[in-house]
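Hi everyone, thanks for coming. Have a look at the structure on the screen, and I'll walk you through a few places in it.

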Amino acid sequence: MFEQMTEKEAREEILTMVEKYYQAFHQKSGEYKEGDKISYASRVYDQEEMTNLVDSALEFWLTSGRYTEQFEKELAEYIGVRFCSLVNSGSSANLLAFMALTSPLLGERRVNRGDEIITVAAGFPTTVTPYLQYGAVPVFLDLTIPQYNIDVSRLEAALSEKTKAVMIAHTLGNPFDLKAVREFCDRHQLWLVEDNCDALGSEYCMNGEWNKTGSIGDIGTSSFYPPHHMTMGEGGAVYTDDPLLHKIIRSMRDWGRDCMCPSGQDNLCGHRFDRQYGELPLGYDHKYVYSHFGYNLKATDLQAAIGCAQLKKLPGFVERRRENFARLREQLAGAEDKLILPEACPDSRPSWFGFLITCREGVDKNHVVQYLEAHGVQTRMLFAGNLLKQPCFDELREAQTGYRVAGSLDHTDLIMERSFWVGVYPGMTDEMIDYMAKMILEAII
């Protein structure tokens with residue numbers, strides 16, 4: 001059928017068919033029946049994501065290309081920073097954000113092996129893994145309840161002459177106390193990395209101005225794994241307002257190379273063959289000069305194409321998450337004698353990833369969780385609970401080396417033992433929220 005068409009006409013015909021395919025086989029009626037399984041998270045998409053994906057596939061560029069460039073530009077604008085680098089996952093984003101701080105280009109502020117990074121133990125392990133693997137030392141602080149973020153009153157006590165950075169996540173979309181943490185970092189010339197993977201779209205008021213989380217630290221990271229605020233299947237991003245950090249991030253993302261030419265373009269600087277680098281021969285091809293020990297952490301243009309469509313929907317996703325959170329909290333307000341309900345950080349507008357609940361004394365969390373699961377409501381823990389008690393920490397814990405704990409982790413342990421969360425993703429209807437609330441209340445009777 002394509003023999004009589006131009007390439008443009010054929011592409012338009014294919015994309016029209018993709019739209020019809022979506023409408024016939026992917027479009028959901030939105031009907032919910034009480035008792036249907038309610039996932040903690042799910043993809044929310046329409047024909048635009050599918051047509052973008054096929055459009056990119058028809059170009060068959062595959063690696064980073066025009067959709068990647070568009071996505072990086074638009075996400076940077078959304079966050080409110082100048083630079084954004086798309087990567088293949090949120091975990092890679094955290095790896096890249098931390099490793100950028102080890103670059104020799106940062107001089108005395110460079111993170112060296114043995115230097116300390118302040119963080120928390122209740123969270124996702126890949127916030128901490130990069131510095132453990134590099135040989136830096138995580139210093140774990142406790143959380144506060146019911147905000148479930150770092151206890152900023154303990155920051156000064158955690159400080160040592162080896163401290164170089166603070167790297168922590170905004171828990172389930174709830175910003176940590178950015179004012180206190182940013183002031184602490186500025187006072188002691190420390191780097192601040194915001195793991196923004198669970199908080200895309202959250203906002204924090206600094207000096208009378210609202211800022212997106214991820215833009216207040218020196219580096220921010222995002223994840224686009226399907227359960228997150230938006231998705232491209234697998235994917236992540238690292239963003240910054242600092243030109244030097246951006247240069248380092250791009251180098252380390254792209255094999256550690258010194259050249260900044262985009263894929264498929266050569267010699268944009270005009271000096272590909274006429275400069276001296278290290279002890280290489282004069283004029284050595286700049287495309288094969290490596291200024292860092294880097295990786296290949298790029299995403300594909302196929303992923304970026306989906307992301308461009310998702311990014312348009314993100315403001316609506318964020319608003320719906322807030323509405324779902326507020327509705328669930330209102331319905332559980334009468335049970336606060338048995339449940340500790342989450343509270344937003346002051347001066348923040350969270351883009352909630354989930355609704356975190358802590359069972360008070362006398363309420364069996366395991367019973368509540370199993371009751372919910374048996375009645376079709378999916379639950380999740382606050383990731384690792386207390387990372388130090390996970391099997392991956394067995395050797396370090398037994399040797400009592402490679403990390404430090406500043407003070408107690410009492411709240412962290414309490415969260416591990418008594419807390420769980422349910423979803424508030426934008427595909428949830430009011431009926432689904434109401435059913436979850438009903439099941440939670442039944443479970444604690």
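Let's begin with Glu-323, which is partly exposed, with a relative accessible area of 38%. Please keep in mind that this is a predicted model. The side chain of Glu-323 meets that of Arg-320 in a salt bridge, with 3.2 Å from N to O. How far apart are Arg-320 and Glu-323 in helix α9? They are 3 residues apart, so about one helical turn separates them. Arg-320 counts as partly exposed too, because its relative accessibility is 22%, and buried would mean under 20%.

Salt bridges can also share partners. Here, Glu-7, Arg-11, Asp-55, Glu-59 and Arg-66 are joined into one network in that way. If you zoom in on one of its pairs, you'll find the side chains of Arg-66 and Glu-59 meeting at 2.5 Å, N to O. Arg-66 is partly exposed, at 42% relative accessible area, and Glu-59 is partly exposed at 32%.

Now please find helix α3, residues 66–79. It holds both Lys-73 and Glu-77, which sit 4 residues apart, about one turn of the helix. These two form a salt bridge, and their closest N and O atoms are 2.8 Å apart. Are Lys-73 and Glu-77 buried or exposed? Both of them are exposed. For the whole model, the count comes to 37 salt bridges.

On to the sheet. Which order do its strands take? There are 3 of them in an open sheet, running β10-β12-β14, and the pairing is antiparallel. β10 (339–340) and β14 (419–423) stand at the edges with a single partner strand each, so one side of each has no neighbour in the sheet. Strand β12, residues 354–359, is joined to β14 by 5 bridges. Across that pairing, Leu-356 stands opposite Trp-421 in β14.

Helix α9 packs on this sheet and touches β12 and β14, with its direction making about 25° with that of β12. Another helix, α10 (residues 365–374), lies across β12 and β14 and runs at about 20° to β14.

Next, let me show you a residue on the inside. Ile-433 has its place in helix α13, residues 430–443. Why does Ile-433 count as buried? Its relative accessible area is 0%, and the cut-off for buried is under 20%. Leaving aside residues up to four places away in sequence, Ile-433 touches Asn-324, Arg-327, Leu-328 and Met-428.

Last stop, the surface. Which residues make the nonpolar surface patch of about 530 Å²? They are Trp-255, Leu-280, Tyr-284, Tyr-288 and Tyr-290. To locate Tyr-290, look in the loop between α8 (243–253) and α9 (301–332). Tyr-290 counts as partly exposed, because its relative accessibility is 48%, while exposed would mean over 50%.

That's my tour, and I'm happy to go back to any of these places with you.

Key. Residues are numbered from 1 along each chain as its sequence is written. This is a predicted model: local features need pLDDT of at least 70, side-chain atom pairs count only at pLDDT 80 or more; totals for chains, interfaces and linings use all residues. Side-chain values use heavy atoms; hydrogens and water are left out. Patches are made of residues with over 30% relative accessible area and no salt bridge: like charges are joined within 9 Å, nonpolar side chains (Val, Leu, Ile, Met, Phe, Trp, Tyr) within 5 Å. Accessible areas come from the Shrake-Rupley method with a 1.4 Å probe; for residues, only the protein chains shown count as cover. A salt bridge is a side-chain nitrogen of Lys or Arg within 4 Å of a carboxyl oxygen of Asp or Glu. Helices (H or I, at least four residues) and strands (E, at least two) are DSSP runs, numbered from the N terminus. Buried means under 20% relative accessible area, exposed over 50%, partly exposed in between (1.4 Å probe, protein chains only). Two strands pair if DSSP finds at least two bridges between them. Contact means heavy atoms within 4.5 Å. Axes are lines fitted to C-alpha atoms, for helices over the stretch in contact, and angles run from 0 to 180 degrees between N-to-C directions.
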